[in-house]
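The entries follow the order in which I looked them up.

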Amino acid sequence: MTALYDGNSRARQEAALEAARLPEDSSAASSAGEPVLAWLEQVLHERFGVPLRLERDGTERLYLRHAGEAGHVLFDRLQPGFYLSGVELPHTQWDATSEGFSAPLDMPLPAPGAASLPRPLVEPVAGGLAVHYDILGLTFWMLSRQEEVDAQVLDRHCRFPASASHAGRHGYIDRPVVDEWLAVLGQVIRCQWPRAVLRQHRFTQRPTHDVDRPSRYGFAHDVRLARVIAGDVLRNRRPQALLVAPWVRLRTRRRLHPLDPLNTFDWLMNVSERHGLTSAFYFICGRTDPRKDADYEPEHPAMRHLMRQIHERGHEVGLHPSYHTFRNPKELANEAERLRRVCAEEGIEQEQWGGRMHYLRWQMPLTLQGYVQAGLDYDTTLGYAEAPGFRCGTCFEYPAFDPVKGEPLPLRIRPLIAMEASVISPLYLGLGVGEEAFECFSRLKARCRAVGGTFTLLWHNSELTTSAQRALYQRVLDA
């Protein structure tokens, strides 16, 4: 499958643009012949809940129509760069309030793809309203992660970094730019069709936890255990580890030991339940890199007990594919099957199965194809490790799209907004666990709330070993 994406870069760009290109006539888009427009129609329906359809008129005009209602909304400044990789797009801003629109964040909206915008941006035309900015092209570009196809700049884990993204370079990575523009589009729709009742969305939080290290001592082999104990005693100043570690290692036979400092699972579920939330726990089920992957096996009785406990309390079990699976669809599928097999043996049944890639490694679109091959229902990887924010420009779940093949996929994307390490760790923002970190999390959460989206938070069970870490986690959910 890897070879499928190993062709000439320019040829792939042209193929993607051809897949996105629509007929020169004005006939309505059909799901069979117009995959990009059909996918955009699905995104719009999920967001607004009204029957909208899209029609292309040549290469520069796109009509949005409401079934059963007269008139249209015209987009007359389409940006072909939104459908290509390796294109340096311009950037400007638009002040919505200056033209009588409400800005969700009370700030000018970033406008990728435009060097300047006309005033007024929205104005009456014969039969409807014209919008002189390609909102739908922006939506496709951000949600499909088109800019990550054939990415040349990668970090040491082969990840597309925030600093290389258009949002990172132009300072809007902390903005749900797609949601902001769709909020404006919703206002345009209400202006054009006053009888339309648009769907209302309610803010929610989604706490998630990658289980890289469920136990500090329970699964370590002798040499590694000795190193861990030495580190705790000498570096972390925990002399009690000399006694606790061997005891925990001995007693981790059927279940995780309560004295294990990384066994924070009951505490996490207690916090979620107090807030009426469901936590998702993602488990590693393979070992493609002995140094980067976990030291446990999902079949271990203690891990089986943990998964049963999570399920019995109404929380979710999911997959955390191992380090190299982001480029290995076959191994990703094997690990997904392994998790499902263990869960079936433990009587764990779920309506959906999803996961998040280890180290947030991702290659567009190969990793997407791996998820589909594995038969998983959703992914929640797409956030940046080096900086929290809105990698996909949204905090709403949405249907996946393959920008190379030009086709929708049977997979849902749940964007990741913040990982604890991105904010706390000195490797990234380095804000620690004090007020600065809290304000960073709170600002992102407030922006999710402003657009009625979901604040998806990743907090590893292994990063709750101090009272300061636990206090910050609880404050973030309480805020």
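A cavity here is a set of points on a 1 Å grid over the protein atoms alone where a 1.4 Å probe fits but cannot get out, and lining residues have an atom within 4 Å of a point. Volume is the space filled by probe spheres set on the points, which are joined across faces, edges and corners.

The model is predicted: local features need pLDDT of at least 70, side-chain atom pairs count only at pLDDT 80 or more, and totals for chains, interfaces and linings use all residues. Residues are numbered from 1 along each chain as its sequence is written, and side-chain values use heavy atoms, without hydrogens and water.

I listed the lining of the largest cavity: Leu143, Ser144, Met364, Leu368, Leu382, Tyr398, Ala400, Phe401 and Ile413. Strand E13 (residues 398-402) gives the largest share, three residues; strands are DSSP runs of E, at least two residues, and helices runs of H or I, at least four, numbered from the N terminus. By class I noted eight nonpolar residues, one polar and no charged.

I then turned to the largest pocket, an open set with protein on both sides within 12 Å along at least five of seven lines. It holds about 1100 Å³ of space. Of its 40 lining residues, Asp212, Arg213, Lys292, His358 and Tyr359 are the closest to its centre. Helix H12 (residues 420-424) supplies the largest share of this lining, three residues.

Note on methods
Ala, Val, Leu, Ile, Met, Phe, Trp, Tyr, Cys and Pro count as nonpolar, Asp, Glu, Lys and Arg as charged, and the others, Gly among them, as polar.
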